[in-house]
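Visitor: Hi! Could you walk me through this model?
Guide: Gladly. Here it is.

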Amino acid sequence: MTTLDVMTLFPEDMLAQLPLTFRFMTPIESSTFEENCTEYRFGRSLRHFSGQYISLGSYKPLSNIIYEDFLTQEP
Amino acid sequence: MNSPDYFLLYAHNVPVRGRDGSAIYDLRGGRIIRINNRCFDLLATLKEKPIDDVRDGYSFGDPAALDQCLKTLLDQNLGFITETPQFFPELNLNWVLPNVLHTAIVEHNFDHYDLYRHVLKPLDRLLCRHIEFRIHTETATADDLLKLAHFLSDQTVKSVSYLIQYAPFLTPRFVEDLYEQSPKTDHLIIYSAPHFAEIKPQKVYFVPRSLEKPGSESARYVINTQYFTEALRHNPYYNRKVAVDRYGRIKNCLQLATTYGNVALDSLSDVVQQPDFQELWFSAPDCILEVQDSPLRYGLYLPYALEKTDHPGQYQIARS
Amino acid sequence: MILVLSYEDYEQGTDPVIDWLLYHQVPFLKITLRDLIKGRIRYQIDITNGDIRLNDISVRQQVRVIWNRRLMGEMGKILPDHSHELNTEVNHTVRRELTDLVTYLSYLFKDKIWLTTFDRLAVNKLEMLNEAQCSGLAVPMSRIINNRTDLQAFQRASASGLISKTISNATTVYVQDTYSYGMFTHALTPGEIDEFPPLFFPTLFQEKIRAQYEIRAFYIDGQLFPTAIVNSSPNKSTDRKLDSSRDTTHFIPCQLPPSVASAVRVFMERIGLNTGGIDLIRDTAGTYYFLEVNPVGQYLAESNRCNYHIEQHIAEWLIHKNQLP
């Protein structure tokens, strides 16, 4: 997660009408903010009744072909 | 009076003892730190006794020896000092998976069996989590691939990887569209291609290599909690996996000769739930002669044919 | 049958539980707000007989357990969105119609077994501080203040300084260009306080706790799954969420002292929650402070890091309750 120093998005006249928490906002580079889920792709699953079914890769290689090796080696 | 200090490894750092050495598996950081067996024993003692109580027994006349060892462990961010070790249990090492099958390797050429009726629908009922397709394109068309990706788009499978034999209709544009239109696609690799091309970094490629030379022979390690806990009781290469070759033969792995039926004649669901089919699922590293004494055995990737030894429940890597 | 009330879109806590319901072949139905308003399922609510039929399934007769997982969370995404000058008023009316429809459903099925009842989906953070205190949990000194003079006095009374945080659990992330701007817990410096205007919008302040580590404890029906968030870095953020992806932040299983675990259980029973994520902090003297509870908090990250399999526990709870005679 890539962040910058605390700042505010709002001008002083607006801040005067807002809780003080609005003065201390942390900017997070959106592409690095996990809650935005920007790095994921989503399909569907009828059995799950899910219209945004997260596409998750495996925690282990699937077969004897290790993709990263396969892609980097000479034929 | 202050409570005594204890040293604990963070729970995701799990020590494993081997015959001639030990290792700490950093399951969060995906790394292995080699240690000697004396250090392994020390870590076990430190869990039970305060640092000051351990110091005398460990140092053998060198009072700084233990502190030096602890400094190294702390510098490597492997553990912490606490006065309340009783509040920090070890990592739960149970492996569970809510899927009858984790992996299916499906070889197909759109000719020998009905991919949908004989394989994909049963795989969906078995809640198969990941599928790797190896598509031979002698008789395949672009529409076959689009139909396949479309079919999978609302199934339970969580990711699909394709290794597709090059054919002229597989243009970079078509392949990129196929990837974009099928969000469950993890890797899409066109093999035996005229030249190398990276269409999408880490994901979509054209490669000249053929499947006959699949990859390197060097040892590979997989370090994460799921793999580690699975390897304690299962062989992660075979566990909850099925392979179907281009003729529809059901196997534990495409490389193996043994078949357990044919999808056109036998129910895939029934076959994968037979004890004889599942036998290799339980050939855990602790049961494999060549690796059972290694401290790295729960992280080693073992894509090898296995054969039984004379000892019940023990395997060795096949020599062929 | 188990009824799951959740999102149509991605909701990270729902599908991992459904994975287990499917694995155990337990009959269930998932309903989302979109299903209810976009006509994607056929249903009618028979007010006279107190039943709802979903795709010809009688909820009254067939559903025993209801898992209420953020059904209303998609409201903002599915309200009419067009440029009509009365759009705001239309949205207000539609929101009220839907809210009354859903609260009626919760009334209708109050005799079912619920994992989070509708009236407990959102809790008041301030009320929870009082309830935690009454349950025997320590809470940080907390005040809502609207003027600089009182804030300066509160600061002098708090040896370790003050933090500011939001009163509600409303959205606190604003997206502009390539950045998301979050309102996280902030440690106030004396200089910042001195520069505040004499009067300001009421804001929540708490004494800053000198943390040894923070704890996120997932609770379900008396069972606790606590995760200690231990940060080995000398440079910690005030809000630990900002450090969660750092190598020096370790999520490790932990246990609460029996007296604290017992107080947490008393607290959850007092406030009528049978599940939730509870945030605690252990200070350097060994005191455990209650910070807040989220009735439908996310649990997956801690579950994965501690290998707790919380999603399996939730599913098994639902299945068990569904099988009770």
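**Sheets, helices and contacts**

Guide: In chain C, three strands make an open, antiparallel sheet in the order β3-β4-β5. Strands here are DSSP runs of E with at least two residues, helices are runs of H or I with at least four, and both are numbered from the N terminus. Two strands pair if DSSP finds at least two bridges between them. This is a predicted model, in which local features need pLDDT of at least 70 and side-chain atom pairs count only at pLDDT 80 or more, while totals for chains, interfaces and linings use all residues. Residues are numbered from 1 along each chain as its sequence is written, and chains are lettered from A and ligands numbered from 1 in the order in which they are written.

Visitor: Which strands of chain C stand at the edges?
Guide: β3 (43-46) and β5 (57-58) of chain C do; each has a single partner strand, so one side of each is left without a neighbour in the sheet.

Visitor: And how many bridges join β4 to β5 in chain C?
Guide: Two bridges join β4(C), residues 51-54, to β5(C). Arg53(C) has Ser58(C) in β5(C) as its bridge partner.

Visitor: What about the sheet in chain B, what is the strand order?
Guide: Eight strands form an open sheet with mixed pairing, in the order β10-β11-β9-β8-β7-β6-β12-β13 (chain B). The edge strands of chain B are β10 (197-200) and β13 (250-251), each pairing on one side only. Helix α6 (172-181) of chain B packs on this sheet and touches β9 (185-191), β10 and β11 (204-206) of chain B; contact means that C-beta atoms, placed from the backbone, lie within 7 Å. The direction of α6(B) makes about 35° with that of β10(B).

Visitor: How do β6 and β12 of chain B run, parallel or antiparallel?
Guide: β6(B), residues 103-108, and β12(B), residues 241-244, run parallel and are joined by four bridges. Ile105(B) has Ala243(B) as its bridge partner in β12(B).

Visitor: Back to chain C. At what angle do α1 and α11 pack?
Guide: α1(C), residues 15-23, and α11(C), residues 310-323, pack at about 55°, with axes 8 Å apart. Axes are lines fitted to C-alpha atoms, for helices over the stretch in contact, and angles run from 0 to 180 degrees between N-to-C directions. That makes α1(C) oblique to α11(C); under 35 degrees counts as roughly parallel, over 145 as roughly antiparallel, 65 to 115 as roughly perpendicular and the rest as oblique.

Visitor: Which residues make that contact?
Guide: Pro16(C), Val17(C), Trp20(C) and Leu21(C) of α1(C) meet Glu311(C), Gln312(C), Ile314(C) and Ala315(C) of α11(C). By class, the contact of α1(C) with α11(C) has six nonpolar, one polar and one charged. Ala, Val, Leu, Ile, Met, Phe, Trp, Tyr, Cys and Pro count as nonpolar, Asp, Glu, Lys and Arg as charged, and the others, Gly among them, as polar.

Visitor: New topic: how many residues of chain A are in contact with chain B?
Guide: 26 residues of chain A are in contact with 34 residues of chain B. On the chain A side, β2 (42-45) and α2 (67-72) each supply at least two residues. That side divides into twelve nonpolar, nine polar and five charged residues.

Visitor: And chains B and C?
Guide: Their contact takes 17 residues from chain B and 19 residues from chain C. The side of chain B that touches chain C has ten nonpolar, seven polar and no charged residues.

How values were computed. Contact = placed C-beta atoms within 7 Å.
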